[in-house]
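This report walks through one protein model for a reader who has not seen it before. Please look over the sequence and the structure first.

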Amino acid sequence: MRVGMAGHRTGGNKGGSMFQLSVVSIAVNDQDKARRFYEEVLGFKTRGEGDRGTQFAWILMSPPSGTAGVTLISPNARQQPGQAQGMMLKTLDIERLHDRLKEKGLEITDIGQASWGRFATFSDPDGNGWVIAEPSLDI
């Protein structure tokens, strides 16, 4: 078995992927407030945190399923709250998830239809934009 970029095993498949998306960093103004939103509204779990009390503070969180996660970071010269847009959470039952999020008080758009599937959008408390999607394509 070969090891590819970032130490991921490629399974010896020459055409196989050598890497996968692991973490997306999202700048937020108040990490504790953001953590509560991601936990209580979206059901994310905290996987780790570090450098608290510094400009490099981070909180690593992940959704209830899947392998990728988000890191809630302090604003910096390159990333400001509200700049992250279009991050997608895939679901197999958009109506159920949409209803659950609305019940939790989330302001979310009505479910729309696109050529690739059904979707709705919302923002976190800092204006970072998310999409929930029930894709008809394998995305």
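## Overall make-up

The protein contains two helices and eight strands; helices (H or I, at least four residues) and strands (E, at least two) are DSSP runs, numbered from the N terminus. Along the sequence their pattern is β-α-β-β-β-β-α-β-β-β.

This is a predicted model, in which local features need pLDDT of at least 70 and side-chain atom pairs count only at pLDDT 80 or more, while totals for chains, interfaces and linings use all residues. Residues are numbered from 1 along each chain as its sequence is written, and side-chain values use heavy atoms, with hydrogens and water left out.

## Burial

Of the 139 residues, 36% count as buried, meaning under 20% relative accessible area, with a 1.4 Å probe and protein chains only.

## The four-stranded sheet

Four strands form an open sheet of mixed pairing, in the order S1-S4-S3-S2; two strands pair if DSSP finds at least two bridges between them. Strands S1 (23–27) and S2 (45–50) stand at the edges, each with a single partner strand, so one side of each has no neighbour in the sheet.

S1 pairs with S4 (residues 69–73) in the parallel sense over five bridges. Within this pair, Val23 has Gly69 of S4 as its bridge partner.

## Ser62

Ser62 belongs to strand S3 (residues 58–62). Ser62 is buried, at a relative accessible area of 8%. Leaving aside residues up to four places away in sequence, Ser62 touches Phe44, Lys45, Arg47, Ala68 and Gly69, where contact means heavy atoms within 4.5 Å.

Definitions and conventions. Buried < 20%, exposed > 50% of the residue type's maximum accessible area, 1.4 Å probe, protein only.
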